[in-house]
Amino acid sequence: MTVSDDALADFATQHRKLFVLTGAGCSTDSGIPDYRDANGDWKRPSPVTFQAFTGDDATRRRYWARSLIGWPTMANARPGAAHRALAQLEAVGRVGLLLTQNVDGLHDAAGSRATLDLHGRIDTVCCLSCATRTSRADLQVMLRARNPQWGTLEARAAPDGDADLDGLDFSAFDVPDCPRCGGMLKPDVVFFGESVPRDRVVAAFAALEAADAVLVAGSSLMVYSGYRFVQAAAAAGKPIAAVNLGRTRADDLLTLKVEQPVGDTLTRLAARWERSVPG
Ligand SMILES: [Zn+2]
């Protein structure tokens with residue numbers, strides 16, 4: 001136990017209904033690497049933009065080729081300590097909404113139910129023409145069938161199920177269209193350069209308004225779509241705690257900063273809760 005543990009437990013005791021905002025740091029233990037280092041800077045080339053994906057065939061072929069290789073890592077990822085601890089906090093009635101910037105679905109897999117996937121889900125594919133949503137696992141079967149020569153490659157996976165395959169020829173990669181209408185398929189995630197759907201933003205702000213305080217877990221808050229909720233909480237005078245290794249964009253807005261590994265810290269918090277605090 002550290003002083004930070006006590007302070008975090010006090011914070012969670014004093015503020016009954018938490019608005020939890022999570023990021024990539026919650027999923028690194030599950031084998032899904034973080035985009036950013038402890039200073040919030042890019043560790044890898046920044047991901048493809050919506051404009052490049054929709055506007056350029058070569059970019060799209062390259063994206064799906066990399067996704068074909070990276071998908072098994074995403075599909076096989078299992079919840080880690082942070083996911084499990086947050087599900088426990090929800091079970092004892094402390095979580096109003098868990099808003100995640102992750103697209104891996106691991107909070108749901110851990111048993112959290114009051115979740116909102118701010119940036120969508122990598123396990124779903126959406127047609128940009130008819131808006132039909134289908135399973136990414138089903139698309140994997142189609143991708144492999146059309147591109148058998150790619151099926152045996154392996155590469156490091158990135159947070160969006162992408163993989164490093166620089167230097168390969170993507171020009172022959174065969175990308176399936178929507179089986180229903182022939183439209184363009186896209187992972188059902190918010191790409192860089194794309195807006196978060198409005199209904200999702202409205203639902204998140206409503207939950208923030210109903211919350212007593214904000215708990216940020218495993219996020220550097222460098223992406224504005226997540227940071228704005230912390231900004232709004234600060235403007236509304238709601239206390240904000242963050243558990244994150246390294247700097248966050250909101251450091252000057254925080255009531256409490258716990259610079260410890262998020263999985264271990266939240267596990268100790270959840271355990272303490274179950275022992276000593278009535279739900
Ligand atoms: Zn379609």
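**Zinc site**

I began at the zinc ion, whose site is tetrahedral, with angles of 101 to 114 degrees among its 4 donor atoms. For four tetrahedral donors the ideal angle is 109.5 degrees. I looked up the donors next: Cys127 (SG), Cys130 (SG), Cys178 (SG) and Cys181 (SG) coordinate the zinc ion at 2.3 Å. A donor here is an N, O or S atom within 2.8 Å of the metal (3.2 Å for Na, K and Ca), and water is not among the atoms, so sites may look incomplete. Along the chain, the donors are spaced C-x2-C-x47-C-x2-C. Cysteine 127 belongs to strand β4 (residues 120–127) and cysteine 178 to the loop between α6 (136–146) and β6 (185–189), so this pair ties together parts 51 residues apart in sequence. Helices (H or I, at least four residues) and strands (E, at least two) are DSSP runs, numbered from the N terminus. I find both cysteine 127 and cysteine 178 buried. Buried stands for under 20% relative accessible area, exposed for over 50%, and partly exposed for in between (1.4 Å probe, protein chains only).

**Ground rules**

I note that this is a predicted model: local features need pLDDT of at least 70, side-chain atom pairs count only at pLDDT 80 or more, and totals for chains, interfaces and linings use all residues. Residues are numbered from 1 along each chain as its sequence is written, and side-chain values use heavy atoms, with hydrogens and water left out.

**Asparagine 102**

I moved to the loop between β2 (95–100) and α5 (106–110), where asparagine 102 is found. Asparagine 102 counts as buried because its relative accessibility is 7%. What does its side chain reach? A polar atom of that side chain lies 2.9 Å from the backbone oxygen of glycine 23.

**Aromatic rings**

I counted 10 aromatic pairs. Rings of Phe, Tyr and Trp (its six-membered ring) pair if their centres lie within 6.5 Å; planes under 30 degrees apart are stacked, over 60 edge-to-face, and the rest tilted. Phenylalanine 19 and phenylalanine 229 make a tilted pair, 6.1 Å centre to centre with 35 degrees between the planes. Phenylalanine 19 is in strand β1 (residues 18–22) and phenylalanine 229 in helix α8 (residues 224–235), so the pair ties together parts 210 residues apart in sequence. Phenylalanine 19 counts as buried at 1% relative accessibility, and phenylalanine 229 counts as buried at 1%. Tryptophan 150 and phenylalanine 173 form an edge-to-face pair, because their ring centres are 5.5 Å apart and their planes stand at 90 degrees. I also found one aromatic cluster, formed by Phe53, Tyr63, Trp64 and Phe191.

**Charges over rings**

Lysine 186 has its charged end over the ring of phenylalanine 191, 4.6 Å from the centre. Arginine 249 has its charged end over the ring of tyrosine 227, 4.2 Å from the centre. The rule I used asks for NZ of Lys or CZ of Arg within 6 Å of the ring centre and within 35 degrees of the ring normal.

Conventions
Four donors count as tetrahedral if all angles lie between 85 and 135 degrees; four count as square planar and six as octahedral if opposite donors are over 155 degrees apart and all others between 65 and 115; anything else is irregular. A polar contact is a pair of N or O atoms within 3.5 Å; within protein, one must be able to donate a hydrogen and the other to accept it, and residues adjacent in sequence count only if both atoms are side-chain atoms.
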